[in-house]
Amino acid sequence: MTETLKAPLSTSRPDRASPPRAWTVILAGLGALLCSLDVVVVATALPALRADFGASLSELEWTINAYNLAFACLTLTGAALGDRFGRRRMYVVGLAVFTLASAAAALAGDTGQLIGARLVQGAGAAVLLPLTLTLISEAFPAEKRGVAIGVWGGVTGLGVAAGPVLGGAVTEGLSWQWIFWLNVPIGLVMIPLAARKLHESYGTRPQLDIVGLVLAAVGLTGLAWAPVRAPEAGWGSAEVLGALAVGIVFVAAFLGWERRGARYPMLPLGHFRNRGFSTANAAAFLLFASLLGALFMMTQLFQFGLGYSPLEAGVRILVWNATPLLVAPIAGALADRYGTRPFMLGGLALMGLGLGLLAWQVEPGVGYGSLVAPLIIAGVGISFTFPSVANAVTSSVPLTEAGVAAGVNNALRELGGVFGVAAVAAVFTTYGGYGSPAAFLDGAAPALWVSAGIAAAGAAVSVFAPSRHRTELDS
């Protein structure tokens, strides 16, 4: 690559000589699929990991949490690196890190090695995922962006929700190692294609905000560490309270630095005065808190509560998690015409309704047929919300700020997922447990009610979103 590492002061939009926009959608979509899939793909392989390594419950939890923790805490950094050194260049770097870490996870000889590989994999995803949205936003004008982001949203939603299916199928048909090996050939094919087919662009900041990067990383780590450790250590423990205190102090210091000290701030706080930006990011936090909390419970509900194998459980969840692939592109296209607010509001409301109906049905003796309609309703709601939130975030800022917007959005999404899992786990252990299927159902129902309530809160937030978004560049 011949570009210099010094970023120009503005992004460049692809012209007619640039590679086809279809390549941007394909490569960005595949990158989003890899990142979102690995959020939860390990979930249905946990029994196999326990059998192979003799892992404790805490070690099993960390095979999932290590990825999410690195992802949540470094995603702002990933977006800033793309703005500074080139989005295509850093996209390729993120792919390479993610692919190598996937191979390391497959070769892990114990849980410590696996957890370490998952941390690195999450760091690669933190660079990769925010740039997928930035690349799409930079390649398409505002009036055509909804369809492309709809495809992106469908693929992202499918990746998050299809993880249990793929994990169950691969674990039963091959071995848990192939969950990670599958990423390797895909990554190796994508790396040269991305280097050749994607258009290079930069953000407006000529240098990195190093102080901001450090403060944000430490602060987000503290805020994410607390809910990850709370189920085992207890919310009142010195570890959890100390992590929360460190997180709050460093996030406050980060905000103060960005407001007054940074010459080239990585997060212009003025964006949060934009109602579209603020409401969309709040909705994203609540969307993922509800989604990952519900997914965490449902993958176990079908196995521990209803007695299905990992693959059988994953297949039965498909009525919920396959809808984004079908519905999200349509929702994205309609949002271009009617605005994002109706789809954010309606999607989160449907998600809350579906999860509430699901929680209402969960009781001893429940049959799968009783759960199908609630799963479909919740799935359609997710499908509406994914592209609408992403489009609202990127459309509420100038095109040159799309990388920052995507980074903030992804950081809040991942933090929302961490807090959502912590919330449902706390409720589950209060009302139920793993002693018997009946005891599991006793805890699962109120836990799913919590996920339904979080989605309803997201719908309430969406009421305050503007009906349409205009960027400074495209208006």
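Predicted model: local features only at pLDDT ≥ 70, side-chain atom pairs only at ≥ 80, totals over all residues.
Beyond its neighbours within four places in sequence, Leu448 is in contact with Ala294, Met297, Met298, Leu301, Leu355, Leu358, Ala359 and Val362.

The largest nonpolar core holds 103 residues, and Leu448 is, with Tyr91 and Trp320, one of the three that touch the most other members. Colour helix α11, residues 275-305: with 14 residues, α11 gives the most to this core. Another core, of 14 residues, lies apart from the largest one; Val41, Leu49, Ala108 and Ala117 are among its members.

Stay on α11 and pick Thr279, which is found in that helix. Thr279 has 9% relative accessibility and therefore counts as buried, the cut-off being under 20%. Leaving aside neighbours within four places in sequence, its contacts are Met344, Val461, Phe464, Ala465 and Pro466.

Move on to helices α4 (residues 87-106) and α8 (residues 183-197), whose axes come within 9 Å and cross at roughly 165°. An angle over 145 degrees counts as roughly antiparallel, so this term applies to α4 and α8. Their crossing is left-handed.

Finally, show side chains where the two helices meet. On the α4 side, select Arg88, Tyr91, Val92, Leu95, Ala96, Phe98, Thr99, Ser102 and Ala103. The α8 side consists of Asn183, Val184, Gly187, Leu188, Met190, Ile191, Ala194 and Ala195. Coloured by class, this contact shows twelve nonpolar, four polar and one charged residues.

Technical notes
Residues numbered from 1 in each chain as written. Heavy atoms only, no water. Core = buried A, V, L, I, M, F, W, Y, C linked by side-chain atoms within 4.5 Å. Buried < 20%, exposed > 50% of the residue type's maximum accessible area, 1.4 Å probe, protein only. Helix = DSSP H or I, 4+ residues; strand = E, 2+ residues; numbered from the N terminus. Contact = heavy atoms within 4.5 Å. Axes fitted to C-alpha atoms, helices over the stretch in contact; angles between N-to-C directions. Parallel < 35°, antiparallel > 145°, perpendicular 65-115°, else oblique. Left-handed = near helix turned anticlockwise from the far one by under 90°. Nonpolar A, V, L, I, M, F, W, Y, C, P; charged D, E, K, R; others polar.
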